[in-house]
Amino acid sequence: MPKKGGKHAEMGREMQAPFKRAKMEVASSPSVLDFESPDSLFGSLISPITPEVFFGEYWEEKPLLIPRSDPLLAAYYQSLFQLSDLKELCSQGLYYGRDVNICRCVNGKKKVLNKEGRVNYMQLKKDFDQKKATIQFHQPQRFKEELWKIQEKLECYFGSLVGSNVYITPQGSQGLPPHYDDVEVFILQLEGEKHWRLYKPTVPLAREYSVEPEDRIGNPTHEFVLKPGDLLYFPRGTIHQADTPPGIPHSTHVTISTYQNNSWGDFLLDAVPGLVFSTAKEDVALRTGIPRKLLMQVDVADSSKKLSSILRMLADRLENSRELRSSDMKKDFIMNRLPPCLGCDSDSLTPGGKLPKLDSKIRLQFRDHAIITVEPDQEISVSIAPVPALCASGYGGGEGRELLLSCTEDDDTASEEGTAQQPHGLRFPLSYWDALKQIWSGSTVCVRELKLTSDEEKENLALSLWTECLIEV
């Protein structure tokens with residue numbers, strides 16, 4: 001089953017890192033990206049390539065290099081993160097391992113040069129200058145609001161967690177040996193230049209990180225130098241290595257990665273148990289006991305035939321019902337994704353205006369952060385990712401306050417043991433399902449038109465959501 005937050009990929013995401021509101025107050029170049037919607041953001045990120053061409057020819061298929069010579073774009077990329085930011089960031093309390101890794105590629109192997117405890121900027125700079133060590137900075141969006149905005153929109157666009165790491169490498173040095181990752185990677189070159197070599201995957205669309213020895217990977221399929229403003233994409237499993245050329249003071253790039261543990265295989269592992277659970281309630285074939293001593297047998301050919309017929313029956317049921325319920329993957333996404341980046345616009349986080357009445361028209365806030373889930377035990381929930389002002393103690397790793405709306409078959413509350421691992425939030429009976437779907441659709445709906453049996457229920461639902469800032473009137 002999918003693990004909470006996913007694995008920590010070398011170039012991927014450390015999903016459980018505590019979320020911190022951006023604290024860096026630095027002058028930045030005007031954004032050259034279009035933040036109007038998730039679609040427009042992604043389109044502007046890969047421009048001039050269109051999303052249609054990207055997903056038709058490159059996504060999960062082959063690398064894409066987008067060289068650019070736009071000074072405005074280069075200046076904007078540099079504003080996202082630069083070497084000079086580290087001094088102030090270190091003063092805020094960074095720790096080795098959690099926030100920063102220091103490493104260098106030596107004889108085809110990664111050598112970690114981390115110290116213990118808190119990062120001292122002077123020591124960090126000394127390792128960078130004298131030991132030619134690469135600085136890997138984890139999850140810079142915790143401190144850089146513009147990166148937060150980019151990643152939050154990309155999470156809405158992909159429907160998958162998006163993480164980032166910044167790599168700063170001195171001249172004539174390489175931080176990591178040839179390796180491949182289990183994430184789709186977008187690389188933005190921020191400062192200096194980086195010499196890249198890409199190789200044919202030994203494991204296409206790999207599910208885990210792995211170092212590959214030089215004598216196994218052959219000759220590069222792609223070799224180029226990234227300059228500020230350039231963008232590089234390559235699928236998971238692509239073997240790669242990169243170094244800063246001599247004569248270039250240093251290179252800074254940010255990797256933005258997604259689609260970890262997000263394959264059809266992962267989805268089936270998550271959704272099929274729910275399908276089996278619900279089908280077993282209705283079909284006695286799944287409640288019939290397995291043959292005696294089946295677990296003790298070596299030859300299970302006959303039982304395999306029986307199981308195959310059951311799987312075909314489940315496939316037919318799925319095709320007819322068109323209902324496949326994801327549970328843990330959705331929860332993981334909801335609980336670990338970034339909240340909306342609202343900047344100074346925090347009014348939407350405080351209930352205001354008139355109370356919703358029967359004649360009021362209401363609309364879901366943060367539409368891109370709303371998800372409906374139908375769990376195997378028939379629990380239905382609409383979940384909204386938390387926003388900073390509503391967080392009780394940060395964000396990520398289960399620390400943030402989750403805004404969860406859930407419908408159950410009855411009003412019984414779950415046991416303390418059962419709720420300890422679940423997001424906290426509002427709970428409604430299963431009969432509220434159709435009304436919640438109306439609101440979740442994103443369009444404006446009159447409270448009176450909600451699909452509930454009584455006016456009191458309609459008003460109570462609207463008031464509950466309004467109180468939690470989940471709808472606007």
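Predicted model: local features only at pLDDT ≥ 70, side-chain atom pairs only at ≥ 80, totals over all residues.
Local features need pLDDT of at least 70, side-chain atom pairs count only at pLDDT 80 or more, and totals for chains, interfaces and linings use all residues; residues are numbered from 1 along each chain as its sequence is written, and side-chain values use heavy atoms, without hydrogens and water.

**Exercise 1.** Find which strands pair with β2, and in which sense.

*Solution.* Start with the terms: strands are DSSP runs of E with at least two residues, helices are runs of H or I with at least four, and both are numbered from the N terminus. Two strands pair if DSSP finds at least two bridges between them. Next, take β4 (residues 134–138): β2 (residues 100–106) pairs with β4 in the antiparallel sense over four bridges. Then turn to β3 (residues 109–112), which four bridges join to β2, again antiparallel. Here C105 stands opposite K110. Finally, look at the hairpin of β2 and β3: two residues lie between the strands, and N107 has a positive phi near 55°.

**Exercise 2.** Work out how the buried residues of α13 are arranged around its axis.

*Solution.* First, list the buried residues (under 20% relative accessible area; exposed is over 50%, partly exposed in between, with a 1.4 Å probe and protein chains only): K458, L461, A462, L465 and W466. Seen down the axis, these fall within an arc of 130° (from the directions from the helix axis to the C-beta atoms), so they line one face of α13.
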